[in-house]
Amino acid sequence: STETPAAAVSTIQSWINAQFGSKETNACLVLNEVDASTWNSSSGSAYRAWLVNTMSALNTAGYKNIILYAENSLATKSTAITWQSIAQYANIGDECYIDGPTAVAANFSVSKLQSVYQASYDAWTNTSSGAGVPAAKVFLCEHVSVNQYASSNYWGADGVSGTQWEQTIEARDLAIHNIGFGGFIGYAWDKDAQATGNPTTDLANQIAYEKAY
């Protein structure tokens, strides 16, 4: 946020040009992510205004399919005006992650997982107690990396077996589908820390997870 909105747009466009050769304004532009610590800091008001102005500037530059990732803890009534302003120019990418061990502990219960996503959806969309963002502008984001277990993790496979990970993906997707999110976006499909080192096996596993999805 040390850049002006115009400078931020230029930085983003320069990166896109370097990666793809030209401005891909018709494609989805996924921005990772709203900085929660800055949002909640003493400079939060200025940061929030900068986010609105930057999303507006990107929209003016031709980016009509923006998905701005944000922690669902930021979906509050106190900042509803900011979120509603951002939603004029961008979709909100709701970072609501359920990892493999959590799904296993819930016995892959769609209703139990759905209650987690529903609470996040309500926080973003509720006009009386939440951020009041239109449902069509809220995209559920899930983490699908095949990562190793770590006690601090709350995303991805997080050490569960391949079969359990397939069941987790299926249960999560059914739960998400039952709620009125405007869209879905998956994150880190390419992360495979549990790879065996055998390319044929690893490819087959990744395809199985995509089929589960």
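Is A188 buried or exposed, and at what relative accessibility? At 11% relative accessibility, A188 counts as buried, where buried means under 20% relative accessible area, exposed over 50% and partly exposed in between (1.4 Å probe, protein chains only). The legends below concern a predicted model, in which local features need pLDDT of at least 70, side-chain atom pairs count only at pLDDT 80 or more, and totals for chains, interfaces and linings use all residues. Residues are numbered from 1 along each chain as its sequence is written, and side-chain values use heavy atoms, with hydrogens and water left out.

**Figure 1. Overall view of the protein chain.** Eight helices and five strands make up the secondary structure of the protein chain; helices (H or I, at least four residues) and strands (E, at least two) are DSSP runs, numbered from the N terminus. Along the sequence they follow the pattern α-β-α-α-β-α-β-α-α-β-α-β-α. The C-alpha atoms fill a box of roughly 45 × 45 × 30 Å, taken along the principal axes. Of the 213 residues, 43% count as buried. Among contacts (heavy atoms within 4.5 Å) between residues at least 6 apart in sequence, 74% join residues at least 24 apart.

**Figure 2. Strand β3 and its two partners.** Strand β3 (residues 91-95) is largely enclosed by the rest of the structure, because five of its five residues are buried. N91, G93 and E95 point one way from β3, whereas I92 and D94 point the other way. Five bridges join β3 to the parallel strand β2 (residues 66-71), and Y69 stands opposite G93. With strand β4 (residues 138-143), β3 pairs in the parallel sense over four bridges; the partner of I92 in β4 is V138. Together with helix α4 (residues 80-86), β2 and β3 make a right-handed β-α-β unit. Right-handed here means that, with the strands pointing away from the viewer, the path from the first strand over the helix to the second runs clockwise.

**Figure 3. The nonpolar cores.** In soluble globular proteins, nonpolar side chains tend to be buried together. A nonpolar core is a set of buried Ala, Val, Leu, Ile, Met, Phe, Trp, Tyr and Cys residues joined through side-chain atoms within 4.5 Å. The largest has 44 residues, and those with the most contacts inside it are V34, L58, W83, I86, Y117 and W124. Helix α3 (residues 44-60) gives the most to this core, with six residues. Apart from it lies another core, of eight residues, among them V146, W165, Y209 and A212. Leaving aside neighbours within four places in sequence, V34 is in contact with W39, Y47, L51, L68, Y69, A70, L74 and W83.

**Figure 4. Q13 in helix α1.** Q13 is found in helix α1 (residues 5-20). This residue is buried, with a relative accessible area of 15%. Not counting residues up to four places away in sequence, Q13 touches K23, A61 and Y63.

Figure 5. Most residues other than glycine have a negative phi, and most peptide bonds are trans. A cis peptide bond joins N32 and E33, with omega about 5 degrees; E33 lies in the loop between β1 and α2 (36-39). F108, although not a glycine, has a positive phi of about 55 degrees. Its place is in the loop between α5 (100-105) and α6 (110-125), and F108 is buried at a relative accessible area of 17%. A188, also not a glycine, has a positive phi of about 70 degrees and is placed in the loop between β5 and α8 (199-212).

Terms used: Pairing = 2+ DSSP bridges.
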